[in-house]
Amino acid sequence: MKAKLAMVLAGLLAIATLIAPAASATPYQRDVFVRDNVSDVGNEPSTGSIYYSPDIKVCHTPVPCAVSQNPIVGVNNYVFVNLRRKAGAIGNIDGALYLYRSNLGGGTAWPGGWTFIGVSGASVPVAGTTVMITWNGANVPGPAHFCLLARWVSNADPMTFAEGPNTQLNAQRNNNIAWRNVDSVRVRPFEPVKVPYTIGNPDRADARQALLIEAPRPFAGTVTFDLGQELTARWKAAGGRAAGVKQVGETQFQLADTKARFDGIVLKGEERVETALTFATDREAGPAELHVRQLDAQGADLGGAQYLINEKD
């Protein structure tokens, strides 16, 4: 009986080992991390959303703001990044924080799909610290959208997993990397607003993807997604499968549910194609939230965007 019990316990231990999160390359006492989402405690890989990091914040002045603001095109903006330490941390950890930006969208390949903004050296104490990097106005894209990537680089706290072309996977696997992708949209009655979303393939080979659109806080109006001529033709050739939308034009599809998707969108290797969303309403609409994200053929998340509509400043 004891032998059989020992075998069962050994088997359970082996299973637990297989499904346990990978250990960090850095002991927790010296580990620095940036959260991927509000529930992130620095585990590698992380779970939950990847591209809405609450530890990356854009402000209009070098004084920290209460909530992240939409960047102003053509003038200096200021990006604040929280560098955190785990419980039981020991000593200061020296390194540098690198900041990059991209166009709004998903599937942005590393490193070619990102533009360098700036770098700041830092020594992170056990209580953590906040680093500010000036975002030069000449390097601020518009109108009113941005995608930011923060990378903590330190010999004392190296990446646990080697970085590859899939930025989303890099951020999920390494707590030294965080991504924030937000578009703030102001929609007034009878004044439709069109905003971009760039669909990207981070791999060198052609691939089929699924495009998911979710509204955790529905918009009191209409949301129309325009795939464009080329993507619409490819999507139709691949079977034209979709859910939660109704076609309202040659390439335009209106959201008919709080969850919608397009399946079988074919992208060429390392291709990036700009699509668009149009928000319209005939009444005063309150705050709303829309998420757009991409999945590869295996269901892995390739990144996306968060649109905050009529959010209060």
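Predicted model: local features only at pLDDT ≥ 70, side-chain atom pairs only at ≥ 80, totals over all residues.
Buried residues are those under 20% relative accessible area, exposed ones are over 50% and partly exposed ones lie in between, with a 1.4 Å probe and protein chains only. Residues are numbered from 1 along each chain as its sequence is written, and side-chain values use heavy atoms, with hydrogens and water left out.

View 1. Strands are DSSP runs of E with at least two residues, numbered from the N terminus. Seven of the nine residues of β3 (residues 77–85) are buried, so this strand is largely enclosed by the rest of the structure.

**View 2. Pairing partners of β3.** Two strands pair if DSSP finds at least two bridges between them. Strand β1 (residues 32–33) pairs with β3 in the antiparallel sense over two bridges, and V32 has R85 as its bridge partner in β3. Strand β2 (residues 56–59) is antiparallel to β3 over four bridges, with F80 of β3 as the bridge partner of K57. Strand β6 (residues 129–135) and β3 pair in the antiparallel sense over seven bridges, and V131 in β6 is the bridge partner of V81.

**View 3. An open five-stranded sheet.** The strand order is β9-β16-β11-β14-β13, with antiparallel pairing. Its edge strands, β9 (193–200) and β13 (245–247), each pair on one side only. Between β11 (residues 222–226) and β16 (residues 272–280) there are five bridges in the antiparallel sense, and T278 in β16 is the bridge partner of T224.
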